[in-house]
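Here is my note on the model you sent over. Have the sequence and the 3D view open while you read, and take the points one at a time.

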Amino acid sequence: MKKVTVILVLFLSVIAYSQDNSSNALPSIDVKTLDGQVFNTKDINNNGKPIILDFWATWCKPCVKELEAISDLYEEWQEETGVLVVAVSIDNSRSMSRVAPFVNAKSWEYLVLLDPNSKFKEAMNVVNVPHVFLLDGNGNVVHQHTSYADGDEEDLYELVKKVANGEDISHE
Amino acid sequence: MLLKSKPIIAFLIFASVFAYSQDKPKGQLHGNFNIDAQQYNSDSLIGAEKPPENVLMNAYGNFTYTYGHFSAGLRYEAYLNTLEGYDKSYNGQGISYRYLSYDNDGLGITVGNFYEQFGNGLILRSYQQKMLGYDNAFDGVRVSYSGIKALTIKGLIAKQRLFWETQGLVRGVDGELSVNELFESIKDAKTQIIVGGNFVSKFQSDKDPFLKLPENVGAGSGRISISNGGFVLSGEYANKSQDPSADNGYIYKQGQALLINATYSQKGLGIYITGKRVDNMSFRSDRGQSINNLNINYLPDVAKIHVYTLTAMYPSATQANGEMGVRSEVMYKFKKKSALGGKYGTEIGISYSRVNDIDRQAASDTSAIGVKGYEGYTSEFFKVGEEEFYEDVSLSLSKKVNKKIKFHVEYMNQTYNFLALRGEYDHSGNKMVYAQMGVADLTWKIKRRRTIRFEAQGLFTKQDKQDWAMGMIEFTMAPNWFVAVYDAYNYGNHHEDKRLHYATGTVGYTKNSTRIQLSYGKSIEGVVCVGGVCRVVPATNGFSISISSTF
């Protein structure tokens, strides 16, 4: 066991050095659209404009709150920056067929994807939902945030505007 | 141990050094950490025990390295020692999960550990849910191919994780076909049809001195999904060959499961109906195992998921040996600026769930129901059993009053078969619990980035521990801090000395993808369920800390 620990420490310190690269394309995972079609996460794109990738679930109160808050502002955000919100539901087969009526009843205009066995969530190393990634026009993750507090959407939008203007936010 | 992984570690070191030595590294390293630690005090009033270690911890870290079409990853888990309420077989630490995978042009190959789900999981689903201490990860080889038009196929041969070991042998194939993709003429038709099917077989040798047990048990399912505009209809039917096991009392009956979902939605309206029938569908890679160990399949629960503390006091749980359930729900949003919608719109919801046992009759005149070594019973497919397991009716209303105030209220009437779902009588010696519950949740935005949230909950029942009330105040200072205090009070308990308070205070700090949370207080003994899979949690009293980070 000692050996393993030494190796792990070594491994971690090497990581620490190689960490300051921010280029960051998405992994290739098959998820589903609301009408049941297979959709590969490599195909998530917004023609060079920023993307908000939001991991959520119908049973997660703060997740729904965050998407509600963004929904109120979404039209304005899209007009100003062209940002696309991709809402990835991690509802499993117990509640995944409830996602479509849930989303439509709320009149959300997002691209909604289903990740019923949390494969995409795990590939993105998300611990708990809600977890938001902000991607630049090239599909690179430039910012991420976990949990939701009322008002977080304002900070997120400040970053979206910067990314839409091509600013580097990797040190914020 | 699962962990003869030195070559992989060596590889990862090599890969990271390699990444570092390049000016512009193409490889990427990501991961996360999660630590949950708790200090325990003994509290005889609430029944909280102090473990001899005083402090316990569950922790893990994941690392994923990707380089072009190639990826590798591992997870280190440490249970020093395992938190109360989780299986103590986790005690220890090591690399519990490691894999290498390659993905290009529709071909995917993984060696080592992986998670997989076929269809709804009625036949095969491996996943991990740390909150339940659930992890039935596969360890073996998986191949998938989506290079053929409209078709996705997957195949696997693997063992399964059981704490720090791997056991069993599972073989499976799954195919899914998009009918519309197949024919150019209907590709963009309004009606979209997807069909799929799978077959899974497990092997376990027969060492039973009396029974002749099947060493290979096969199971398969077919599924279809039809969508047309706002309508989606989907269903899956599964069948399992003879599989005598500890779960079913070593009977030789075949297993069956049917799951049907129908939904309709349009802007502002959602209708959801689901139905399920399960008969003798426990499916494990070791027939002698029980609780959450070595499940190959997953049988989703149909009842509504309740998210408030008191409404989740009596959670429904899947009965793999047999159950029939339905649920229907309507969600509606009154438009903004309408009479009932007000300035911001009003959302209402109504939901009904009901789960009963299946009907069972003796297989022949000469045998009793459930005798070991025989067919066990017969069951008419559409006949509902008399025993009621669960029922709830709930109503909810959510409204944003103005820019500062939003509220959500809900009411629920619940019937809960304590004996069937928990395996024992409730605290007052009853089999059935009949409860009514109410929740009010109010959010008040005091000013920009400062929010206070109040929750008031009540649970009223003549059974179990009788009436409860709960209040909570949460203060949030975006973007970093939150403070919350709550108290659940069992004020109506028939035993005056058990009218106890369970108070807890919590402080949390979040920065980007890192979160730290500190709590002190008491938690109620009960059951935590995710998706119908449950874990019993003991009462606790003490400090707890959670740290998580994604990079």
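**Notes on the two-chain model**

1. Let's start with one serine. A:Ser118 counts as buried because its relative accessibility is 13% (buried is under 20% relative accessible area, exposed is over 50%, and partly exposed is in between, with a 1.4 Å probe and protein chains only). You'll find A:Ser118 in the loop between β5 (111–114) and α4 of chain A (helices are DSSP runs of H or I with at least four residues, strands are runs of E with at least two, and both are numbered from the N terminus). A:Ser118 is not a glycine, yet its phi is positive, about 60 degrees. Most residues other than glycine have a negative phi, and most peptide bonds are trans.

2. A word on ground rules. This is a predicted model, so local features need pLDDT of at least 70 and side-chain atom pairs count only at pLDDT 80 or more, while totals for chains, interfaces and linings use all residues. Residues are numbered from 1 along each chain as its sequence is written, chains are lettered from A and ligands numbered from 1 in the order in which they are written, and side-chain values use heavy atoms, with hydrogens and water left out.

3. Now chain A as a whole. Count along and you get five helices and seven strands, in the order α-β-β-β-α-β-α-β-α-β-β-α from the N terminus. Chain A has 172 residues, and 60% of them count as buried. Take the contacts in chain A with a separation of 6 or more: 68% of them are between residues 24 or more positions apart (contact means heavy atoms within 4.5 Å). The accessible surface of chain A is about 6,800 Å², and carbon and sulfur atoms hold 50% of that (areas come from the Shrake-Rupley method with a 1.4 Å probe, and for residues only the protein chains shown count as cover).

4. Which cysteines are joined by a disulfide? They are A:Cys60 and A:Cys63, with an S to S distance of 2.0 Å (a disulfide is a pair of cysteine sulfur atoms within 2.5 Å). The structure holds one disulfide over all chains. The torsion about the S-S bond of A:Cys60 and A:Cys63 is about 80 degrees, so the disulfide is right-handed. Both A:Cys60 and A:Cys63 are buried.

5. Next, look at where the chains meet. Chain A puts 65 residues into the contact and chain B puts in 90. Together they bury about 6,400 Å², with 52% of it on carbon and sulfur atoms (buried area is the accessible area, with a 1.4 Å probe, that two parts lose on being put together, summed over both). There are 12 salt bridges across the interface of chain A and chain B (a side-chain nitrogen of Lys or Arg within 4 Å of a carboxyl oxygen of Asp or Glu). Which element gives the most to the side of chain A that touches chain B? That is α1(A), with 10 residues.

6. Two cis peptide bonds are worth a look. In chain A, one joins A:Val129 and A:Pro130, with omega at about -5 degrees, and A:Pro130 lies in the loop between α4 and β6 (131–135). In chain B, one joins B:Ala478 and B:Pro479, with omega at about 5 degrees. B:Pro479 is in the loop between β24 (468–477) and β25 (481–489) of chain B.

7. Stay in chain B for B:Val507, which is in strand β26 (residues 501–511). B:Val507 and B:Trp481 are 26 residues apart in sequence, but their C-alpha atoms are 7.5 Å apart in space. Leaving out residues up to four places away in sequence, B:Val507 touches several residues, including B:Trp481, B:Phe482 and B:Ile516.

8. Last, a second residue with a positive phi: B:Asn512, at about 50 degrees, is not a glycine either. B:Asn512 sits in the loop between β26 and β27 (514–523) of chain B. With a relative accessible area of 28%, B:Asn512 is partly exposed.
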